[in-house]
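Thanks for coming. I will take one model and go through it piece by piece, starting with a helix.

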Amino acid sequence: MTALEIPELALVALVGLSGSGKSTFARRHFAPTQVLSSDAFRAMVADDENDQSASTDAFDALHYVAGKRLRAGRLTVVDATNLQQHARAGLVRLAREHDVLPVAVVLDVPEEICWDRTRVRPERRFGRHVLARMQRDLRRSVGQLAREGFRKVHVLRGTEEIDAAEVVLSRLFNDRRELTGPFDIIGDVHGCRAELEHLLTELGWTLDRDGAGRPVGARHPQARTAVFVGDLVDRGPDSPGVLRLVMGMVRAGNALCVPGNHEQKLLRKLRGRKVTVSHGLAETLEQLAAEPAGFSDEVAEFIDGLVSHYRLDGGALVVAHAGLKAEYQGRASGRVRSFALYGETTGETDEYGFPVRYPWARDYRGSATVVYGHTPTPSPEWINDTICIDTGCVFGGRLTALRYPSRELVSVPAAREYYPPGRPLTAEPVTPAGDATRSTGAVPGGGAAVERGGAAVERGDDVLDLGDVAGRRHIAYGYGATTIAPENAAAALEVMSRFAVDPRWLVWLPPTMAPCSTSTMDGFLEHPTQAFADYRGVGVDQVICQEKHMGSRAVVLVCRDPAGAARFGPGGGVIHTRTGRPFFASGAQTESLLARIRAAATTAGLWDLLATDAGPASWLLLDCELLPWSAKALGLIREQYASVAAAGGAALPAALRVLDAAAERGLPVEPLRDRFAGRADDLSRYAAAYRRYAGDGQPVTLAPFTVLASDQRSHADRDHGWHLDHADRLVAADPELFRPTRRLVVDLTDDTAVAAGTEWWRELTAAGGEGMVVKPYGGLAATSDAGRLLQPGVKCRGPEYLRIIYGPEYTRPDQLAGLRRRSLGRKRSLALREHGLGLAALDLLAADAPLWRRHELVFAILACESEPVDPRL
């Protein structure tokens with residue numbers, strides 16, 4: 001058996017004569033979707049796979065599809081003769097454009113066999129001389145493939161060797177996704193051996209020493225793995241000592257290391273290449289000259305074996321010396337290696353003569369956390385889920401490590417300044433030598449946590465890019481995935497740009513809420529029996545029934561003081577609708593209401609109850625109902641509901657008077673008169689129903705029912721009892737502003753409890769209430785027995801309230817029968833998608849993720865609202 005090793009991500013070109021068995025080979029070793037056949041593309045564009053006049057268009061289409069596959073990170077096999085250098089050049093160029101390895105597999109089959117196969121295929125309309133020319137091209141091509149740029153060339157000679165071949169897909173050297181850590185990722189050491197020993201000790205490592213007392217390795221009792229970001233050498237006092245220690249750790253399997261630009265320059269010098277001896281290289285060469293014979297060769301071999309970058313922890317972590325853009329991660333090319341070593345420059349130089357580096361991290365939108373060094377900074381900086389941990393130890397700064405996945409920063413101070421920086425490292429004094437400092441920057445989605453002398457400060461990230469939200473987009477958000485249609489994104493952009501509050505304050509939008517399953521009970525469209533059955537059917541044993549206030553959904557984000565407000569932007573908070581619009585036109589009214597909410601939270605002790613390790617909470621995010629309904633919906637009441645009542649109130653009495661007069665004259669109009677009298681009675685019920693909620697001039701009140709989040713914490717995992725207990729504290733603190741939310745916990749396994757829940761709903765609706773919302777007691781993040789996210793709540797509205805929604809006569813048997821055929825599937829699907837997006841947005845908010853990450857999810861919720869769904873549901 002001949003094993004053909006091919007990278008998992010590569011562009012494979014099959015090379016061989018017509019009739020050599022390339023298509024058969026491709027079918028045997030690759031999936032059908034991985035193979036792009038030139039014959040198939042000729043058939044696509046010309047309806048004839050043998051029409052050679054269509055080859056140009058066919059290969060244009062083939063290259064286009066191959067590019068799409070390679071960009072998506074998929075193995076691609078091109079089944080064509082590929083005997084001409086110009087044809088292969090296009091494939092090599094395509095592979096380089098997408099930073100994948102081009103691989104050639106040559107099927108060298110004797111011309112006689114190819115001719116015998118060709119003659120039995122009548123669709124092959126060419127003579128033996130064509131195969132002879134192909135044979136000559138093949139002989140010329142085999143020796144040129146490596147020079148043309150193919151990184152691997154496999155030549156299979158004869159049918160027996162082809163039949164015995166087996167394709168073995170291999171991972172790229174940078175693919176170590178199976179390693180999940182935990183990791184200690186260590187910044188640029190630059191020959192500072194003493195500081196490296198100090199840092200490893202602080203991280204809990206035990207150093208191994210040789211007979212001379214030199215560190216030659218290290219082990220961690222918790223089996224952690226060290227990852228070095230490169231630049232081990234130059235400028236510092238003991239580059240050989242650093243190399244000896246790191247090489248020993250890598251050799252023992254206790255560490256990984258990526259190369260830095262200083263290692264690459266040292267390697268070129270050790271291999272006899274001409275380099276400029278500068279930036280500390282002279283010191284390293286002098287130190288290496290004092291080492292035993294053979295040590296420099298070991299160093300050269302070690303550096304030569306280093307990989308440009310590593311993908312770790314299932315692809316969630318990437319380590320590269322100068323960082324790595326998302327499109328380069330897991331790829332292999334000279335361009336990728338160059339970026340990983342040197343980063344990207346703008347072509348300009350700063351006032352000190354150094355190249356100006358392009359701030360790629362500001363535009364980073366990848367899903368992996370990227371840890372890098374290369375450019376010394378005063379303190380580690382989280383930017384869009386990337387962090388630079390080169391804190392200039394050799395320049396008198398600190399040597400820093402990031403502990404992953406906990407994201408704890410650990411650093412030790414430099415003993416002194418070993419090498420003067422070419423430009424100022426920091427305007428702040430260096431922390432005096434002493435114990436290591438630690439900062440827990442746990443920001444799973446990225447963020448702006450920065451360590452300065454051991455304390456966390458903020459770095460702004462409030463710039464949004466239209467490209468993050470415009471057009472058709474597929475979003476995987478942890479609780480599921482959804483596709484946003486471009487027209488829905490455009491509608492959301494219209495709302496966001498013209499009407500919504502400042503995106504920095506728009507951190508969450510409530511999901512739409514589906515009604516319970518349609519009732520079959522006489523006279524009811526919605527009934528608790530179906531609401532309880534809905535949840536019981538997905539394995540929920542306990543629900544909470546909450547009074548449904550007849551108001552408008554309001555999201556309140558309130559800050560305790562200006563320090564808390566700095567987290568979001570100017571102002572002390574925001575009150576917005578479920579579509580992100582300011583609730584009140586008057587800023588003064590908003591500020592007045594926020595001041596009362598802030599004072600009530602203080603009186604209720606919520607800031608302290610929700611405190612974190614950093615101290616009392618500085619902000620609260622509340623989900624509320626704002627009453628009266630007329631505070632937002634007065635126009636709707638007047639223009640839609642009142643106009644129906646007014647029109648019916650004018651027409652029906654007049655019609656009844658005419659019918660009464662006709663009856664007095666002995667005409668048989670009793671059935672018609674009864675029908676009109678019933679319509680008038682229905683209209684009276686309709687008017688009474690909406691007038692309960694049309695309290696123009698009533699004071700504004702809030703009914704809070706969920707404490708969604710506070711500093712560094714999403715409270716979606718809390719049960720609803722916890723949420724309502726905290727809401728009750730606000731009610732007790734300011735009963736004139738806050739209204740309680742009445743509720744009843746129902747055990748769905750207890751028939752008595754279920755009957756009590758049903759009776760409670762009857763009492764609420766009989767007293768004029770809208771109805772109730774039934775929720776899984778476990779909280780917003782509750783899941784079914786199958787692990788699927790549950791509906792956050794289903795509404796069960798009373799029959800008289802539904803009269804407002806469906807019209808005065810909706811309870812008539814003929815109309816009710818039609819309404820019972822309503823479809824709830826789209827509404828429920830929409831509610832679940834918006835709910836999952838909202839939960840993910842809360843997670844990122846608590847994790848202090850960059851604004852663009854949070855905004856992407858909130859924007860998606862608003863875009864979902866543009867989907868056509870029956871508004872009465």
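**Walking through the model**

Helix α26 is mostly covered: 16 of its 22 residues are buried. This is a predicted model, so local features need pLDDT of at least 70 and side-chain atom pairs count only at pLDDT 80 or more, while totals for chains, interfaces and linings use all residues. Residues are numbered from 1 along each chain as its sequence is written, and side-chain values use heavy atoms, with hydrogens and water left out.

Some terms. Buried means under 20% relative accessible area, exposed over 50%, and partly exposed in between, with a 1.4 Å probe and protein chains only. Helices are DSSP runs of H or I with at least four residues, strands are runs of E with at least two, and both are numbered from the N terminus.

Back to α26, residues 825-846. Its 22 residues should span 32 Å at 1.5 Å a residue, and the end C-alpha atoms are 32 Å apart, which agrees. The expected span is 1.5 Å times one less than the number of residues. After the helix comes Asp-848, with a positive phi near 60 degrees, although Asp-848 is not a glycine. Asp-848 sits in the loop between α26 and α27 and counts as buried at 13% relative accessibility.

In helix α27, residues 851-864, look at Leu-862. Leu-862 is buried, at 6% relative accessible area. Its C-alpha atom is 8.3 Å from that of Ala-489, which is 373 residues away along the chain. Beyond neighbours within four places in sequence, Leu-862 is in contact (heavy atoms within 4.5 Å) with Ala-492, Val-495, Met-496, Leu-509 and Thr-579.

Next, a sheet. In what order do the 5 strands of the open sheet run? The order is β31-β30-β32-β33-β34, with antiparallel pairing. Two strands pair if DSSP finds at least two bridges between them. β31 (573-576) and β34 (713-714) are at the edges with a single partner strand each, so one side of each has no neighbour in the sheet. Helix α22, residues 720-733, packs on the sheet and touches β32 and β33 (701-710), its direction making about 130 degrees with that of β33. Those axes are lines fitted to C-alpha atoms, for helices over the stretch in contact, and angles run from 0 to 180 degrees between N-to-C directions.

Strand β30 (residues 552-559) pairs with β32 (residues 619-627) over 8 bridges, and with β31 over 4 bridges. Val-556 has Leu-622 as its bridge partner in β32 and stands opposite Ile-575 in β31. In a regular strand the side chains alternate between the two faces of the sheet. In β31, Gly-573 and Ile-575 point one way, Val-574 and His-576 point the other way, and all are buried.

Now the charges. A salt bridge here is a side-chain nitrogen of Lys or Arg within 4 Å of a carboxyl oxygen of Asp or Glu. The structure holds 50 of them. One joins Arg-193 and Asp-238, at 2.6 Å from N to O. Arg-193 lies in helix α9 (residues 193-202) and Asp-238 in the loop between β12 and α10, so the pair ties together parts 45 residues apart in sequence. Arg-193 is partly exposed at 26% relative accessibility, and Asp-238 is partly exposed at 22%.

Another salt bridge links Arg-822 and Glu-526, at 3.3 Å from N to O. Arg-822 is in the loop between α25 (813-819) and α26, and Glu-526 is in the loop between β28 (514-515) and α16 (528-536), so this pair ties together parts 296 residues apart in sequence. Arg-822 is buried at 14% relative accessibility, and Glu-526 is buried at 1% relative accessible area.

Among the contacts of Asp-234 beyond four places in sequence are His-190, His-262 and His-279.

Last, the backbone. Most residues other than glycine have a negative phi, and most peptide bonds are trans. The bond from Tyr-404 to Pro-405 is cis, with omega near 15 degrees, and the bond from Leu-627 to Pro-628 is cis, with omega near 0 degrees.
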